[in-house]
Amino acid sequence: MENKQIISLLAHNHPGVLLRITSLISRRGFNIDSLTASPAGIEGFSRLTVRLSGDDDKVEQFINQMLKIVDVKKAEVLPEESSVAMELILIKVNSDSSNKNDIIALTSTYHASLVNLGERSLTFRASGTPSQIDALIEELSPFGILEMARTGIAALENGDNCLAD
Amino acid sequence: MQLNGSEIIAECLLEQGVDTVFGYPGGAVLNIYDALYKYSDRITHILSSHEQGAAHAADGYARTTGKCGVVIATSGPGATNLVTGIATAFMDSIPMVAITGNVSNDLLARDSFQEVDICGITLPVTKHNFIVKNVNDLANVIRKAFRIAMSGRKGPVLIDIPKDVTGAVCEYTPETPVETAEPVLSEDSEFQAAANAINNAKRPMIYMGGGVVSSDAEKQLLAFAEKTDCPVATSIMGLGGFPSSHRLFMGTIGMHGGYETGKATDNCDLIITVGARFSDRVAGDREKFGKNAAIIQLDIDKAEINKNVRTDYSLVGDLKDTLAKLTEYVDEIKHDEWNAQVNEWAKKSEVTETPESEDYAHPYHIIEAVRALTDDDDIIVTDVGQHQMWVSQKYRFEKPRRWCTSGGLGTMGYGLGAAVGSAAANPGKRVVLFTGDGSFHMNLNELATVRSYDLPIIIVVLNNTVLGMVRQWQKLFYGRRFSQTDPHRKTDFAAVAEAFGVRGMRIKNDDDAEEVLKAAFASKEPVVIDCRISPDENVLPMIPPGKTVDDMITEME
């Protein structure tokens, strides 16, 4: 079954480790729609979060391939039902005095906050699950989106389990 | 003790038990070669004509000894010339450590003379690679490189070392490498489940590959096959991992495999895959491969499970251990009827030879004549193309590590370098290289190396004056439009050999084959035999790409 799954990786933050991971993703033809990397909070390690499209076989193959990279120490699926996955977006929307209040009212239902007021635009910051962010974008597109930047997904498993365990 | 980086390299090679390295000097490795000069009583360096030849030689050394091959090259073009050799080793899971020099740290990233990002270039064709920017890290990186190359699924590792690091001095403390056993990752219940499938199978077969050779698991495989009475098919990488003379041995499987292995694959109810990876040259049609069979896969690399063909049972771990354990779980079974059926199919596989010709020798005849003069310990090397397939079909291998061929990458020009490495690694053993005129033209410069070190290699050039394998595909699939495959070059390989100081001989047809080969084998010197075969000779049978045994071509023109 084709679906989207979130995979967390723990890797030594040696130079080039991101290249090794992305090069393998491209070489093996994996279809990803988000990849984020940041310090893992453990000395010398990075944590990467990948959202991958594919069936269970593809995900299994992805994890097995990732674990062949010498610097990758862990690779696990984060089950959707038992993890929290969030991302942040900055989004700049066309706006003039006529629709300014409508836009602000609309974005407030997404807990988006206005971070900049331009002459012909409004810039909001919002965070949420990928589907919440998708919904916000859809709501704002009729006004004309000038530009936007999404961070990609950060995700952790619920409860006491940790990737490094 | 205080040593410079180059001496540390030499000491670390000795720690790993390396006695022979292959390579070519240059500006960025001057310090390393200065150390090799000093250590020349303990480390033999074989100088190739071209870095590619050195990389293939390290590969041949590794395949025939089971040890890690080592190759050294300078920065820039020296390093890029290794790439084909590294990629060849990578595709066939051959352990290799490639050491390249680079420009000094202060010149890196400035497009300096002979600077290249070889780590970037070799990223997809190495298990791992390193650039060592600090001499204090050097010893441990080298140790780690050998560990990576030789552990799990083996393969090449590259270490790039800027020139200043090879000259910088630091404290070196010797270390003895610790051997770590490969873990068996599968649970007892998984062994039991696989064993149940084997015990209940009526028509089981074994499909083995290079993993059997790589993990030295030939004894365990033999014991398993005999206990379960399973007929054995092999990929060309697995040749030698199971004795060809054994009653259970069917031969090679896949595009140019025998009729019986194809029929067995289609009609069996269980395929036990041992150290093989269902490449497209074996499982042409992934969906239909073993269509009536359940599949068990034993492999050291978990990523091979369900990669190309979906398996029903998998056992992950070193084959020596997993095979031995699985053998304990299975019942002693007989499959007389099934094996009789396989033998019946095998009769159809016995290829009839083409009529005698005054102008040409027949490749099968030559291969059998060579086999009659070799013993089971002699090493056979090939290049890539028709001759390679004929040898894989016809030569009867009895023991592992007597066979070097580029299976995965299909590297024309591989053979002579690999033969040099095999001969250097196995003094006293006979090495025979079968090559074609196309492959031999690519890297025959290594004849200079053969002569320099007096390596008694017998080189049989099956010379059809065409690029036979590609031409065969043009015949079958491109309406006989022989685009660039009919060069009909006039090269006289015997004369070429003489120019390099190597004895040259000629075989005109089947009648003089035995006599010429006997004379070649009697001399203890390197020999090149230019052996004329017909340009219209084909490799048969053939399963067209993407197809199954039902579409097997057994006759052409």
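Reader: Which domains does the assignment give for chain B?
Author: This is a predicted model, in which local features need pLDDT of at least 70, side-chain atom pairs count only at pLDDT 80 or more, and totals for chains, interfaces and linings use all residues. Residues are numbered from 1 along each chain as its sequence is written, with chains lettered from A and ligands numbered from 1 in the order in which they are written. Domain bounds come from an automatic or database domain assignment. For chain B these are domain 1 (2–171), domain 2 (188–349) and domain 3 (363–546).

Reader: How many residues of domain 3 of chain B are in contact with domain 2 of chain B?
Author: The centres of these two domains, taken over C-alpha atoms, are 30 Å apart. Contact means that C-beta atoms, placed from the backbone, lie within 7 Å. Domain 2 of chain B brings 20 residues, and domain 3 of chain B brings 20 residues.

Reader: Which element supplies the largest share of the side of domain 1 of chain A that touches domain 2 of chain A?
Author: Six residues of domain 1 of chain A touch five of domain 2 of chain A. Strands (E, at least two residues, by DSSP) E2 (31–39) and E3 (45–54) each supply at least two residues of the domain 1 side. The largest share, three residues, comes from E2(A).

Conventions. Two residues are in contact if their C-beta atoms, placed from the backbone, lie within 7 Å. Helices (H or I, at least four residues) and strands (E, at least two) are DSSP runs, numbered from the N terminus.
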